[in-house]
Structure formats: structure tokens, C-alpha cells
Amino acid sequence: GSPPGCSTFSYVTWFATGACGYQFVDVLQLTFLLGATTAWIVAAVDLVGGTFLSLGSVTYDAALVFLAVLPMLAIPDISSIAKFSAGGLLVICASFATIFVQGLRTYGLAGLEAVGWGDAFPDSLADISVYYGVAVFAFGFLPVSYNLRESMKVPTRFDEAAWLGLGITAIIYVGVGELLWIVYAPAKGGIQGNIFNMLPRGGTMATVLRLGMALVLLFSIPLMIVPTEEIVENKFNLRHESFASKVALRFGLLLVSVACSLLIPNFALVLQLTGCTCIGILSFVLPRKLHISMHVYIPLSCANTEMSILHSIIPHDVGPPAPLQRERFPQRR
């Protein structure tokens with residue numbers, strides 16, 4: 001039978017690839033979740049470091065972030081936290097606007113003459129890996145697509161929600177990325193690493209934006225830690241442990257992420273490593289394997305039913321998974 005307590009995505013992987021594939025994908029998912037958590041911690045530490053709350057050391061600031069997140073990990077239902085994380089879109093937009101205006105005031109339109117088509121393409125293998133890692137991290141949402149669909153009030157609208165969400169994301173990434181790249185081209189070294197490092201230091205508005213962004217990241221960290229804890233619980237058969245044990249495990253995972261953030265205190269590098277290591281496989285390689293395997297294992301009579309679970313994902317890479325009812329799957333051979 002299928003592994004007990006596994007997520008929908010893990011169940012699909014188990015059915016299509018067997019026990020070895022299931023274990024491999026769970027390891028990749030753990031890497032993705034811990035990598036994302038580490039990236040948010042690095043960014044939060046950088047933002048706090050530019051405010052009056054900084055303790056004067058990256059290590060101390062990381063400890064401050066750790067202590068700030070701890071109480072949220074003790075909340076039984078973290079769904080209430082998600083709304084605060086989503087509300088951070090306003091803070092993000094305000095931060096981008098501030099960075100853009102600051103760049104125009106400092107450098108004017110000199111960036112239009114400072115860049116050319118030759119600057120738009122990677123000129124080394126290292127640059128290519130950075131581009132690939134960050135790109136797949138930004139758009140490789142397949143590992144959480146089932147979770148998103150199952151949390152929707154109207155799951156049948158996942159298709160349009162996915163297209164709309166990824167479309168807006170692409171427009172924002174391209175628009176903001178190109179504009180800020182051009183505006184800050186005259187700056188020494190251009191934009192290095194995290195774009196939010198370009199927020200002005202000092203001043204009430206800059207401090208409010210930095211703390212606002214840091215707060216958004218703090219609310220986002222538990223949303224990564226809890227799924228990680230659930231995977232670890234399933235792996236080691238800890239599902240029936242007390243809630244206190246769950247919280248202790250969450251604390252331990254957060255501590256691991258903070259330690260990783262101190263070892264690799266570079267936001268862009270963490271995204272690059274996470275994207276190259278696991279998200280490229282999970283979102284752009286594995287779906288083909290699942291698609292082929294599902295057509296082999298599912299009888300022809302089921303081919304046009306909802307059991308072709310990756311029907312709408314595979315052709316476009318961004319479509320939704322169809323509704324999944326495990327009890328209707330034929331037994332894996």
C-alpha cells in the first residue's frame with residue numbers, strides 16, 4: 001500500500017515511481033523547504049541589519065530573527081499567519097517603488113547609456129547557473145501546487161488562479177528587474193545579491209519599509225517550517241506524538257535553517273543553490289516522468305478521467321493538477 005500520511009504530491013510520486021522515487025522526491029522537497037526558509041532568514045537578517053533593531057552583528061541579528069519566529073511556530077493552526085504574509089504585497093510594492101525613485105534621484109537616466117544588449121546575457125557558467133537557479137525558484141511552484149489547490153474554497157478555479165498568479169509574477173519580475181537593472185547600472189557593481197539591499201539606510205520611511213519587509217518574511221518562515229515538520233514526521237512515523245513534540249521539532253528545523261543562513265549569508269546564492277539542486281528537478285524534470293509513468297500504470301479506460309492527474313500540468317508546466325481521489329487509483333504494479 002501507499003505510505004501512510006504522505007502528501008498528495010508524494011502519493012502521486014509513489015504511485016508513478018515506486019518507493020525509491022518517493023523517498024528521493026521527499027528528500028528534494030525537504031531541501032526545497034529548508035532552502036526557502038534559509039533564504040527568507042538571510043533576507044530578514046539583511047533587512048534588520050539596516051535598522052535601529054540591529055544588534056551590530058549578523059550572528060546576533062540572526063538570533064533575533066530566530067527568537068521572533070519561535071512564538072509563531074507554537075501556534076496550532078498557522079493558516080491565520082498566511083493572511084499577514086499575503087498582506088506583505090503592499091510592503092513589497094512600496095519597497096520597489098522606493099528603490100526605483102531613490103535610483104532615479106541618484107543616477108537619473110544615465111543607466112540607459114550604461115547598459116547594452118551585451119549586458120543582458122550571462123557571460124560565464126557561474127552567471128548561467130545563477131540565472132537558472134533563481135528562475136526555477138521563482139516559477140517552479142509544482143511542489144506546492146496540490147497544497148494550494150486543496151486549500152482553495154473553489155478548487156475548480158485553480159487553473160485560472162495559477163495562470164493569473166504566474167502571469168502577474170512574470171510581469172512584475174521582468175518589469176521590476178529590467179527597470180531597476182537599468183536605473184542602477186551606473187552604481188559601482190550594479191545590484192549585488194538581494195535587491196532590497198538597495199533600500200536607503202536611515203530615515204523614517206526607509207526604516208519602516210525595511211521592518212515591514214522583515215515582518216513579512218518572519219510571517220512567511222512558519223509557512224515553510226510546518227510542511228517540513230510534517231514530512232519529517234511522516235518519514236520517522238512521529239504523527240501520533242504530542243503537540244509539544246511537534247513544536248520542538250519545528251524549533252529544531254528553524255535552528256538548522258538559521259545555522260545554514262550563517263554559513264551562506266547570501267540571499268541570491270541560497271536561491272541559486274536551492275533552485276539548481278531541487279526545484280529544477282521537481283518542477284521541470286519530474287513531471288515528464290510522472291506523466292509517462294501514469295500513462296503506463298493507469299488502464300486505458302481511465303485515460304480520459306480525472307485520474308490523469310498531471311494532464312493539465314505537463315503540457316504547459318503551469319496548469320493545475322486535476323482532482324485526486326486516491327481510492328480510485330488502480331494498485332501500482
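Leaving aside neighbours within four places in sequence, Ser95 is in contact with Phe196, Leu199, Leu209 and Met213, where contact means heavy atoms within 4.5 Å. Ser95 lies in helix α3, helices being DSSP runs of H or I with at least four residues, numbered from the N terminus.

The model is a predicted one, in which local features need pLDDT of at least 70, side-chain atom pairs count only at pLDDT 80 or more, and totals for chains, interfaces and linings use all residues. Residues are numbered from 1 along each chain as its sequence is written, and side-chain values use heavy atoms, with hydrogens and water left out.

Two residues can be set side by side by relative accessible area, for which buried means under 20%, exposed over 50% and partly exposed in between (1.4 Å probe, protein chains only).

| Residue | Relative accessible area | Class |
|---|---|---|
| Ser95 | 0% | buried |
| Leu53 | 38% | partly exposed |

Leu53 is found in the loop between α1 (8-49) and α2 (58-73).

Ile221, with its neighbours within four places in sequence left aside, is in contact with Thr37, Trp40, Ile41, Val65, Val69 and Leu254.

Conventions: Helix = DSSP H or I, 4+ residues; strand = E, 2+ residues; numbered from the N terminus.
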